[in-house]
Amino acid sequence: MNSKNFHDDLDALEQDMLDAVIESVAVDAETSDSDEKTPEIPGELNILPLRDSVIFPMLIAPLSVSRPSSIKLIDESVVSSQRMVGTLAQRDPETDDPGFDQLHPVGCVVIIRTLMKGTDNVRMIVQGTARFRITEPVQSSPFLRAKIEVLQDEPIDPEKVEETEALRRSVAALFEQAVRLSPNLPEDLASLTQSVSEPHTMADLIAAHTPFSIEDKQAVLADTNITNRLRRLLAILGREVRVLELTSKVHSEVTQELSRNQREYYLREQLRAIQRELGEGDDYSEDLDELRQAIEDAEMPPEAEKAAFKELDRLQRINPSSPEYTVARTYVETISSIPWSKSTQDDLDLDHVKEILDKEHAGLDKIKERIIEFLAVRLVKTDSPPRQPILCFYGPPGVGKTSLGQSIATAMGRKFVRLSLGGMRDEAEIRGHRRTYIGSLPGQIVQGLRRAESNNPVFILDEIDKLGNDFRGDPASAMLEVLDPQQNNAFRDHYLDVPVDLSRVFFITTANRLDTIPPALRDRMEIIELGGYTEDEKFAISTEHLVPRQLTEHGLTAKKLEFKSDALRFLIRHYTREAGVRNLEREIGSVIRKATVEFAKGRKAKVTVTKSWIQKALGAPRYLNDEVAERKLVPGVAVGLAWTPVGGDILFIEASMFPGKGLTVTGQLGDVMKESVTAALSYIRAHAKALKIDAKVFEENQIHVHVPAGAVPKDGPSAGITMLTALVSLLTNQPTKERLAMTGEITLTGQVLPIGGVKEKILAAFRSGVTTVILPEQNKKDYLEEVPEDIRAQLTAHFVSDAKQVLKIAIAPIQV
């Protein structure tokens, strides 16, 4: 019987000695009358702590002792005539110098049979004799010594003899099964259950030779009731056999797979040898081997890998000169080049990410906060990847929507992919072409992943509001699956025809307007509005980004050309009128080109750009700062605020009347805007008496409402209160207040309803010299949240809920 559960490096001589002793003990266990009797156990013993071992009675085991205290204990014990030592297992095997409280209370008395001293350790062979329990510690130094009580096995209850025998047989059967299944247990151990019939001895020897945990072995050792000991051992053995069966099953499956791979390898080598003998080229075989290796390296999901190998097997049977060979080869190359398991590590340093975003973009606080929130969730949620947000940056052109996506990718440490959707009309651009067509390719989504070489890039879908929708296709509907977090983990491209996981991709879309985006698609995205920039924000962007970039593009440096602050503000105020900064950058570029011509002609001195230099380079100012003051506000004229896809603007509403009947509306107005004029006029006629307007005026005169800039289409309900004010001003012959602009929808009952685009409209009013604005009461929160504080400080804002309030504020003498 080998004791492999105890650690030791015995050499061949020691092993021979151990086998001889084990054999003699086995003979003693089988015979009832042994010549050698066990010596009497003294009441006080030296205690030897064991790290990873539990000794059982009747067990022959090798031990290696290296602790100085233990070596001293052995030396003293050998000197005595008994050569007996008490062994106790440590509770924590890492403890180097355990005390009594760190040892299990029940152990085994052993007799030292053989002893071999080395330079720094003692190796010996011991035999277990009896269980014992510590009753009283005697000494702790230089080694442990204690008074003990020998534990005898309890007699078997006569009523449980049959149960005990049944348990013994069950334990024996399970042990034999464990020996068959375990590669670490010698086959000779299977005969142990036949050679030893006593239940207590068999239980101890089985527990000693089976690789149980120290806690399980200690529990068996401490139990003196034979029936309970067998029942406990049966449960432990049952668990061990189940584990061994599973291990054997897994090992069998792995071996079978290896055998299949080896068979394929040998057959492939034979095929290669045959091809060499026939004089066929090796390039074909090498090509297939490279494709096979590419598939294995890609670490695809099972379904994709199955499809790839199926196509590769088909490729092996196709003649290389056949057109189908190229089609199949292209498919295998494509599916193996997708980054199925390649990803980049997110930068979760929130301060560093905020620093990068602030450095590359001024303002845009909402978007920056959203990115920080997403990364904070990534930092806190460690059990599984969080769901990627799908953002839609909505705002006028030139405010930095696309470049912000690039900055987000840089800040997060991800790859960046951009796909322009403007004018796209074929859904195959999104989903890919089916392989039935010649020259089929995957869609742009899958190709974007291939270009990024990462399965978690920041993916910009630019101009999503300009997707086409006609008889040629509807790509917006194809985008529904791509931008749905509940579905895009199994996006199926028509070309690949296998699921592709897009759930780790950070999708960002951009749009100038929302009304052209289908509602189902808009519902899948988190809309974040980017308003226009204020003059101060444009000045900061110009100083930090636009001027340095234009200097670099024109080959100049800050040492050769410098913009004065007042000159740069003069350029912003009088040469551009836009929500973004694209036109501003072009104007800055024009100014710098004029300086570049000077340097090309031989100028050496530094150029300082002043207001006069800007006027010399760009001509007279295009926009006056006070556009409202240019118009004389006669009765019948009111100033409104409008939103356009390129930002806010002011809108002059003009009304006049002359003899005749009816209402005329001009200025290329849409149906909604025409209805606003009709609603405003109906309200005035209904409240003519309160407004002190003679009812005959409506019967004897024709009213004409016109909105200048007639070449520009206009529509929307937000000019309702402006129409009302212009008509009342005309009919009462009272002008509106100067530098006042307004926006809001009006109903027939005179209620003022909320509108959108508050920030753009207020910025347009501020640029045009307006000092007082009238807004719907329900837009107060938008005004306070979106409009910068420095602009609010220079404006007087009135928030109204009905038409009477509007007229009291806009037309001073009127009382309603």
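## Helices H9 and H10

In this predicted model, H9 and H10 are roughly antiparallel to each other, because angles over 145 degrees count as such and theirs is about 150 degrees. H9 covers residues 302–316 and H10 covers residues 323–337, and their axes lie 9 Å apart. The crossing of the two helices is left-handed.

From H9, the contact takes in Ala304, Ala307, Ala308, Glu311, Leu312, Arg314 and Leu315. These meet Glu324, Tyr325, Ala328, Arg329, Tyr331, Val332 and Ile335 of H10. By class, 10 of the residues in this contact are nonpolar and four are charged, with no polar ones.

## Helices H25 and H29

Another packed pair is formed by H25 (residues 720–732) and H29 (residues 803–810), at an angle of about 55 degrees and with axes 10 Å apart. H25 is therefore oblique to H29. Their crossing is right-handed.

On the H25 side, Ile721, Leu724, Thr725 and Val728 take part, and they meet Ala803, Val806, Leu807 and Ala810 in H29. This contact has seven nonpolar residues, one polar and no charged.

## Leucine 775

Strand E23 spans residues 772–776 and includes leucine 775. Leucine 775 has a relative accessible area of 1% and is therefore buried. Leaving aside residues up to four places away in sequence, leucine 775 touches Thr743, Val758, Ile762, Tyr783, His798, Phe799 and Val800.

Proline 320 is 455 residues from leucine 775 in sequence, and the C-alpha atoms of the two are 74 Å apart in space.

Conventions
Residues are numbered from 1 along each chain as its sequence is written. This is a predicted model: local features need pLDDT of at least 70, side-chain atom pairs count only at pLDDT 80 or more; totals for chains, interfaces and linings use all residues. Side-chain values use heavy atoms; hydrogens and water are left out. Axes are lines fitted to C-alpha atoms, for helices over the stretch in contact, and angles run from 0 to 180 degrees between N-to-C directions. Helices (H or I, at least four residues) and strands (E, at least two) are DSSP runs, numbered from the N terminus. Angles under 35 degrees count as roughly parallel, over 145 as roughly antiparallel, 65 to 115 as roughly perpendicular and the rest as oblique. A crossing is left-handed if the near helix is turned anticlockwise from the far one by less than a right angle, and right-handed if clockwise. Contact means heavy atoms within 4.5 Å. Ala, Val, Leu, Ile, Met, Phe, Trp, Tyr, Cys and Pro count as nonpolar, Asp, Glu, Lys and Arg as charged, and the others, Gly among them, as polar. Buried means under 20% relative accessible area, exposed over 50%, partly exposed in between (1.4 Å probe, protein chains only).
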